[in-house]
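Let's take a friendly walk through this protein chain, one part at a time. Keep the sequence and the 3D view open as you read.

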Amino acid sequence: MLFSNIDTNKNNKVKEKILKGVHDNKIAHSQLFYGTRNSPKLKVALAYAQYINCLSPTKKDSCDKCSSCLKYKKLQHPDLHFVFPVVNSGKKKPISDSYFNEWIEFFLEKNNVSLDDWDARLNELSGTKQSSNIYQQEIERVIRKKNLKNFEAKFKVFLFWMPEKMQPQTANKILKTLEEPPKKTIFIFVSENPKLMLPTILSRLQKIKIQDNNQNQTKEQHKLNNKHHVLYQDFSFWMRAAYSFDVLGISEWAESQSKKTKKEQINLLLYATNIIRQCVIYNFTTKELFLQNKEESTFIKKFAPFINKKNIIPFFEKTEECIKMIKRNGNKKILFFELSLQYAKLLKFK
Ligand SMILES: [Zn+2]
């Protein structure tokens, strides 16, 4: 990927900053390129990785001809390792290597890849309807590979696409590596929603925001869709942590929520109430879903079986109580943590 291949009209300043960093020899060993669904963040990250490894770069771009560039062009370089979410279908080992060819094909055919689209592709490929994850086995693979000597590149690159899909336990394993980075190795994270990443990981990354060039969507529409998507991701992560009684995950999540504004906190709880209400409608009236986008519909169908006559009322009551306490300026971290434990208990009601 060349910088000149990317429609970077809104990212020219960022591009200049990135190039300057390389020219000044300031290459951070852990970096985050983030932006909304349609931002060309992965392309910029790849152009960057190619540039720092190019054997005869110009001031503004890679040469596109050297042995490193030719391998980077095909995304097949022995010192370039991808990590992305996969599903555990039981047919293949749930690691990126098992889905590498499919992922490359997906990347090459789309102008811009998004998590939604990849999840849909994974469902097609595996015949399952699971949501994707970056599993613990993946990180074990990364840790093994990071200790190997570089084959040929100046910098070995680990590119994590959608690191927000790491569960807290998995993320904690990678954290140790970021604390003691191996030489001549760069970790590049490319995220749609970095708020869902562990704060301890985020704090170690050099962050670069990549703007969306898409002109078709009105700003207002885009803002709304994005807000919805963030709420959904926050909520689904929370429910997974509550259901699996992942206390560390819950605690990290409560911590990250506690740093948001009061309005955002209340919005999330109202969103939770709304999703639970939709589950009730789905369970007890019609099996059809209205007004949700695709990711929410898929989630509600899976979540609805856990909502039943015994726990509906307590769900609403506990959530409402929490909203009241937030309005009264209670300790947000404790409130979110306690509500999570209540949810965890309620989800086990049969
Ligand atoms: Zn080159």
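Which residues point one way from β4, and which the other way? Thr 185, Phe 187, Phe 189 and Ser 191 point one way, while Ile 186, Ile 188 and Val 190 point the other way, and all are buried. Buried here means that 20 or more other C-beta atoms lie within 10 Å of a residue's own; with 12 or fewer the residue is exposed, and in between it is partly exposed, the C-beta atoms being placed from the backbone.

Before going on, a word on what you are looking at. This is a predicted model, in which local features need pLDDT of at least 70 and side-chain atom pairs count only at pLDDT 80 or more, whereas totals for chains, interfaces and linings use all residues. Residues are numbered from 1 along each chain as its sequence is written.

Back to β4, which spans residues 185–191 and is mostly covered, with 7 of its 7 residues buried. Helices (H or I, at least four residues) and strands (E, at least two) are DSSP runs, numbered from the N terminus. Strand β1 (residues 30–34) runs parallel to β4, joined by 5 bridges; Ser 30, for instance, has Phe 187 as its bridge partner in β4. Strand β3 (residues 156–161) also pairs with β4 in the parallel sense, over 6 bridges, and here Trp 161 is partnered with Val 190. Two strands pair if DSSP finds at least two bridges between them. Together, β3, helix α7 (residues 168–179) and β4 make a right-handed β-α-β unit: with the strands pointing away from the viewer, the path from the first strand over the helix to the second runs clockwise.

Now find helix α1, residues 12–23. Of its 12 residues, the number buried is 1, so α1 lies largely in the open. Just after α1, Asn 25 takes a positive phi of about 65°.

Ser 96 counts as buried because it has 22 C-beta neighbours inside 10 Å. Leaving aside residues up to four places away in sequence, Ser 96 touches Phe 82, Val 83, Phe 84, Val 86 and Glu 138. Contact means that the two C-beta atoms, placed from the backbone, lie within 7 Å.

Finally, step back to the whole chain. The domain assignment gives domain 1 (3–213) and domain 2 (216–346), with bounds that come from an automatic or database assignment. Their contact takes 10 residues from domain 1 and 13 residues from domain 2.

Terms used: The expected span of a helix is 1.5 Å times one less than its number of residues.
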